[in-house]
Amino acid sequence: MEAEHKEKIQPDPPKKRNSFKSILGGDILANDFFRRQTRLLILIMVFIIFYIHNRYSSQQQLLEIELLKEKLTDIKYDALTRSSEVMEKTRQSRIEEYIATEGSELQTATHPPYVIK
């Protein structure tokens, strides 16, 4: 019985050193450590891919935000320009000049308006 017990317990084979050739050949993936941690390594790879994708997406969104800010600034300046042009055209002095050049009989009132009861 002791002989059977001795046969069952055999010493582990000597561990091979990981050389550059074994790493390039893929023998390192057959190592016991990597076989035991396969799920963990896959999970880490998924997280790395997710992190890279998330960072890329956020950079694209930041670029889009900057582009939209520039467009908004341009639109605000255009609106300000048009507003000042309208203010210029609707001034009383400009309207009086326009009416005078068109030869209309309209005139500026010389008497203040009064309320009719």
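## Charged and aromatic side chains in a predicted model

Four salt bridges are counted in this structure, which is a predicted model. Side chains of opposite charge can pair when their charged atoms come close. Three of these bridges are set out below.

| Salt bridge | N to O distance |
|---|---|
| Asp-32 and Arg-36 | 3.4 Å |
| Glu-88 and Arg-91 | 3.2 Å |
| Arg-94 and Glu-97 | 3.8 Å |

Asp-32 and Arg-36 both belong to helix 3, which covers residues 32–36. Because the two stand four residues apart in that helix, about one helical turn separates them. Their side chains meet in a salt bridge, with 3.4 Å from N to O. Asp-32 is partly exposed, at a relative accessible area of 41%. Arg-36 has a relative accessibility of 56% and therefore counts as exposed, the cut-off being over 50%.

**An aromatic pair**

A pair of aromatic rings is described by the distance of the centres and the angle of the planes. One aromatic pair is counted in the model. The ring centres of Phe-33 and Phe-34 lie 5.4 Å apart and the ring planes meet at 75°, so this pair is edge-to-face. An angle over 60 degrees is what places a pair in that class. Both residues are partly exposed: Phe-33 has a relative accessibility of 44%, and Phe-34 has a relative accessible area of 24%.

**A network of salt bridges**

Glu-88 pairs with Arg-91 in a salt bridge whose closest N and O atoms are 3.2 Å apart. Glu-88 is partly exposed, at 28% relative accessibility, and Arg-91 is likewise partly exposed, at 48%. Further along, Arg-94 and Glu-97 form a salt bridge with a closest N to O distance of 3.8 Å. These two residues lie three apart in helix 5 (residues 92–102), so about one helical turn separates them. Arg-94 is partly exposed, with a relative accessible area of 40%, and Glu-97 counts as partly exposed at 45%. Through salt bridges that share partners, Glu-88, Arg-91, Arg-94 and Glu-97 are joined into one network.

**A patch of negative charge**

On the surface, Glu-66, Glu-70, Asp-74 and Asp-78 gather in a patch of negative charge. One of its members, Asp-74, is placed in helix 4, residues 38–89. Asp-74 is partly exposed, with a relative accessible area of 48%.

Definitions and conventions
Residues numbered from 1 in each chain as written. Predicted model: local features only at pLDDT ≥ 70, side-chain atom pairs only at ≥ 80, totals over all residues. Heavy atoms only, no water. Patch = residues over 30% accessible without salt bridge, like charges linked within 9 Å, V, L, I, M, F, W, Y side chains within 5 Å. Areas by Shrake-Rupley, 256 points an atom, 1.4 Å probe, with all protein chains shown as cover. Lys, Arg positive; Asp, Glu negative; His and termini not counted. Charge placed at Lys NZ, Arg CZ, Asp CG, Glu CD. Buried < 20%, exposed > 50% of the residue type's maximum accessible area, 1.4 Å probe, protein only. Phe/Tyr/Trp six-rings, centres within 6.5 Å; stacked < 30°, edge-to-face > 60°.
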